[in-house]
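Open the structure in your viewer and keep the selection tool at hand.

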Amino acid sequence: MRDTMHRVARPDGFALTLVLITFLIIELIGVGVVSITLSDLHGAVANRLAMDAVNVAEAGLNYGVAQLVSRASAAAPTDISYRGESREIPVPGLDGETLGTFQITVTCVYPRGALPPNCADDPAAIGGGERNQRYLTAAGFIPAAPGRARRQIETVVRRYDLRSGGTPLYGVCGRDAVDLDQGTTVTSDVGSNGTIRLGRLSGVRQWSPLAPATAATGGGMSPPMSGQGLTGTYSWRITFLDAAGRESSGSPPTRPVELRNEHGRLTDVPVGDPSITRRRIYRSHANAAETGPWYLVAEIPDNETREYTDPQTDDALGPRVPGTIS
């Protein structure tokens, strides 16, 4: 009897062992799934914090450039000695909460690592100009426990001193691509990590001469008896061209001129220095005198003529006036 009871008990113990092993396997699988899920979640959070830190760093870079521009345009410029910000500057969100902070460092391009205003020209470089270049470093931080997400953007910018004959170029930067729509021409440095696409009749002009500082005087005159005039409010702008065909951006616009079946009449058309060989005239469409845009009317093939009569209709005008990107 004892031997029979002993033989019956053995299968029950084996089944219990199998149940325990099964539960253990299920538990291990569950722990593995949770671990993978948490790992993916941690990676997603880390990527999000990294992207947020990049955006904050970009904001810091824009802040640093704006500081240089505003300091350079002051009555007593101080940009030449600007070294960045020693403290972290918060970036507020729409709800007033801080999205992150950034810190700006400005150093000389040459000597490498020197602090403004101790920048100088590199004697080994062709063309010089390093004393007016600045190396900007913008570090963006996103608060996170136990540490902080951090990303850094570095760039080189150049200051243009108009009083020393500097050329006021602006830069267009594209992280993914740069698109210039049809008929858009800019006077600018253009750079992109991706493709730079130019539309039809579009272009990029570099190292242009300075734009006319004064506006022409606009007016109206009666067209010939058989001619048809313009009706509406118009304004005009002038550009300079040098012997190499490089064109400046536009002059200030004329005062708005109201025409009633008349031709436009320009007087006091600005003239340039001896390097200017031609000038171009651009005009707004009807009733767009205040804001433009302005389109090509004609080219004056000299640097002496001070008057011009504009009989062109709106649909006969050419490409837009080239302009700096601000």
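Predicted model: local features only at pLDDT ≥ 70, side-chain atom pairs only at ≥ 80, totals over all residues.

Residues are numbered from 1 along each chain as its sequence is written, and side-chain values use heavy atoms, with hydrogens and water left out.

A salt bridge here is a side-chain nitrogen of Lys or Arg within 4 Å of a carboxyl oxygen of Asp or Glu. By this rule there are 11 salt bridges.

Select Glu 307 and Arg 265. Their side chains form a salt bridge, 2.6 Å from N to O. Glu 307 sits in the loop between strand 16 (294-300) and strand 17 (308-310), and Arg 265 is 42 residues away in strand 14 (residues 257-267). Strands are DSSP runs (E, at least two residues), numbered from the N terminus.

Next, select Glu 299 and Arg 278, a salt bridge at 3.0 Å, N to O. Glu 299 is in strand 16, whereas Arg 278 is in strand 15 (residues 276-284), 21 residues apart.

Now go to Asp 302 and Arg 279, whose closest N and O atoms are 3.0 Å apart in a salt bridge. Asp 302 lies in the loop between strand 16 and strand 17 and Arg 279 in strand 15, so the pair ties together parts 23 residues apart in sequence. Are these two buried or exposed? Asp 302 is buried at 19% relative accessibility, and Arg 279 is buried at 0%; buried means under 20% relative accessible area, exposed over 50%, partly exposed in between (1.4 Å probe, protein chains only).

Last, select Glu 247, Arg 278, Arg 280 and Glu 299, which salt bridges with shared partners join into one network.

Key. Helix = DSSP H or I, 4+ residues; strand = E, 2+ residues; numbered from the N terminus.
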